[in-house]
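Take a look at the model below.

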Amino acid sequence: MGKKAREILEKRGMKVDELIKKLNRAYADEWLAYIQYWTGAQVAEGLMRPNIEAEMMEHANEELGHAKKVCDRIIELGGTPILDPKDYFKQTNCGYDVPKNFSTKALLKQNIDAERCAIAVYNDIVEYARKGGDTVTFHIARSIMQDEMEHEQDLEDLLTDITVK
Ligand SMILES: [Fe+2]
Ligand SMILES: [Fe+2]
Ligand SMILES: [Fe+2]
């Protein structure tokens with residue numbers, strides 16, 4: 001699978017196995033982000049709960065969409081996506097922040113931190129792909145990074161709305 005894609009990149013000097021490792025770590029992050037948003041949305045309570053719950057569910061679904069895009073690219077490059085969810089915790093960059101305080105404010109803060117981490121992860125992949133001449137991964141990572149920036153902004157706006165009088 002993906003033999004030609006790999007061949008072209010290796011000729012350009014890209015370390016494809018290293019790129020696959022980075023993509024798999026991002027893939028783990030996406031699943032954990034999905035679960036964190038989804039779980040947070042279920043238990044959220046307090047100010048503007050309906051709005052914040054809806055936004056969190058929307059972001060959860062978008063993280064799942066990112067997982068799919070990253071997974072497809074891993075396979076195209078001849079790699080195998082992480083198969084065992086236990087490995088999400090071993091390979092994640094951004095981790096999983098267990099929602100212990102269910103207030104909308106605390107949940108927003110947790111997810112803002114996760115988004116900031118995701119932006120840094122994709123920034124790194126964008127740079128790595130650019131240097132290695134992998135325009136396909138470059139565009140995928142760039143577009144996901146843009147979504148993560150939008151997520152961060154949406155949450156910051158909600159946090160402002162419930163904080164500012
Ligand atoms: Fe994501
Ligand atoms: Fe996100
Ligand atoms: Fe949003």
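What follows is a short walk through a predicted model.

Start with Ile125. This residue is found in helix α5, which covers residues 104–131. Is Ile125 buried or exposed? Count the C-beta atoms around it. There are 24 others within 10 Å. A residue counts as buried at 20 or more. Ile125 is therefore buried.

Now look at its partners. Setting aside residues up to four places away in sequence, Ile125 touches Lys22, Ala26, Thr137 and Ala141. Turn next to Phe138. Along the chain, Ile125 and Phe138 are 13 residues apart. Their C-alpha atoms are separated by 7.4 Å.

Helix α6 spans residues 135–163. How do α5 and α6 pack? Their axes lie 8 Å apart, and the angle is about 160°. Angles over 145 degrees count as roughly antiparallel. The two helices, α5 and α6, are therefore roughly antiparallel to each other. The crossing of α5 past α6 is left-handed. The residues of this contact divide into 17 nonpolar, five polar and eight charged.

Step back to the largest nonpolar core. It has 37 residues. Which of them touch the most other members? The answer is Leu23 and Tyr27. The most comes from α2, with 12 residues.

Finish with Leu23. Leaving out neighbours within four places in sequence, Leu23 is in contact with Val70, Arg73 and Ile74.

Notes:
Residues numbered from 1 in each chain as written. Chains lettered and ligands numbered in written order. Predicted model: local features only at pLDDT ≥ 70, side-chain atom pairs only at ≥ 80, totals over all residues. Helix = DSSP H or I, 4+ residues; strand = E, 2+ residues; numbered from the N terminus. Buried ≥ 20, exposed ≤ 12 C-beta atoms within 10 Å, placed from the backbone. Contact = placed C-beta atoms within 7 Å. Core = buried A, V, L, I, M, F, W, Y, C linked by C-beta atoms within 7 Å. Axes fitted to C-alpha atoms, helices over the stretch in contact; angles between N-to-C directions. Parallel < 35°, antiparallel > 145°, perpendicular 65-115°, else oblique. Left-handed = near helix turned anticlockwise from the far one by under 90°. Nonpolar A, V, L, I, M, F, W, Y, C, P; charged D, E, K, R; others polar.
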